[in-house]
Amino acid sequence: ELMTRIVESFVKTVKSELQRCGRAKVKGFGSFFMSERAIHGKGKEITNRNCVDFRCCTEVKKCLTKQSEFSPYGLTVSDFGKKFAENLTDDEDTVLRLLESFISTLVLSLGDEDGKNATVIEGLGTFSRRKLRAAFAEDITGKREMLPPSYSIAFLADKELLEGIS
């Protein structure tokens with residue numbers, strides 16, 4: 001039951017930060033942020049709609065690419081961590097350690113070799129591992145070489161999240 005409340009508090013804190021300032025930075029994981037996207041309506045009509053996007057941090061990209069150990073370093077002392085802990089009445093240290101465990105488990109769950117793994121967090125959205133476009137590097141002789149594939153997180157916001165902040 002405590003882990004359920006941890007997830008609910010995480011979603012609540014992300015929503016409140018998005019409402020307050022249009023961005024929820026989760027240290028050691030990434031940032032959720034408000035954006036607008038153009039959508040095509042009937043005919044040639046184009047309108048904008050509000051979206052929530054997510055950009056993962058470098059440590060997450062490294063973990064998804066190399067299947068290494070991962071810890072959301074500094075999350076427990078961050079502004080997000082403090083606001084998150086305010087939503088729960090349990091022992092703060094335990095709650096913050098469980099928050100780190102939740103984020104670590106989420107990131108590691110996306111490390112499927114086929115890149116098909118997805119995790120849905122009700123009220124927030126769907127996270128999945130996504131392969132980034134091939135990158136190239138040039139050595140000092142000018143020879144181009146393709147770098148190994150790297151990965152990031154694709155995020156699709158839940159309709160409930162969008163309704164709560166639009």
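How do α1 and α4 stand to each other, roughly parallel or roughly perpendicular? α1 and α4 are roughly perpendicular to each other.

## The model

This is a predicted model, in which local features need pLDDT of at least 70 and side-chain atom pairs count only at pLDDT 80 or more, while totals for chains, interfaces and linings use all residues. Residues are numbered from 1 along each chain as its sequence is written, and side-chain values use heavy atoms, leaving out hydrogens and water.

Helices (H or I, at least four residues) and strands (E, at least two) are DSSP runs, numbered from the N terminus.

## Two helices in contact

Helix α1 covers residues 2-21 and helix α4 covers residues 92-109. They pack at about 75°, with axes 10 Å apart. Axes are lines fitted to C-alpha atoms, for helices over the stretch in contact, and angles run from 0 to 180 degrees between N-to-C directions. Angles of 65 to 115 degrees count as roughly perpendicular, under 35 as roughly parallel, over 145 as roughly antiparallel and the rest as oblique.

From α1, the contact (heavy atoms within 4.5 Å) uses Leu 2, Met 3, Ile 6, Val 7 and Phe 10. From α4 come Val 95, Leu 98, Leu 99, Phe 102 and Ile 103. The contact has ten nonpolar residues, no polar and no charged. Nonpolar means Ala, Val, Leu, Ile, Met, Phe, Trp, Tyr, Cys and Pro; charged means Asp, Glu, Lys and Arg; the others, Gly among them, are polar.

## Along α1

α1 has 20 residues. It reaches 28 Å from first C-alpha to last, close to the expected 28 Å. The expected span is 1.5 Å times one less than the number of residues. Gly 22 follows α1, with a positive phi near 80°.

Three strands form an open sheet in the order β4-β5-β8, with antiparallel pairing. β4 and β8 (151-157) are at the edges with a single partner strand each, so one side of each has no neighbour in the sheet. Neighbouring strands are turned by 25° against each other on average, direction ignored.

β4 (residues 118-121) and β5 (residues 125-131) pair over four bridges; pairing needs at least two DSSP bridges. Val 120 has Thr 126 as its bridge partner. Three residues lie between these strands, and Gly 123 takes a positive phi near 90° in the hairpin.

β5 and β8 pair over seven bridges. Lys 131 stands opposite Tyr 151 in β8. Helix α2 (residues 58-66) packs on the sheet and touches β5 and β8. The direction of α2 makes about 110° with that of β8.
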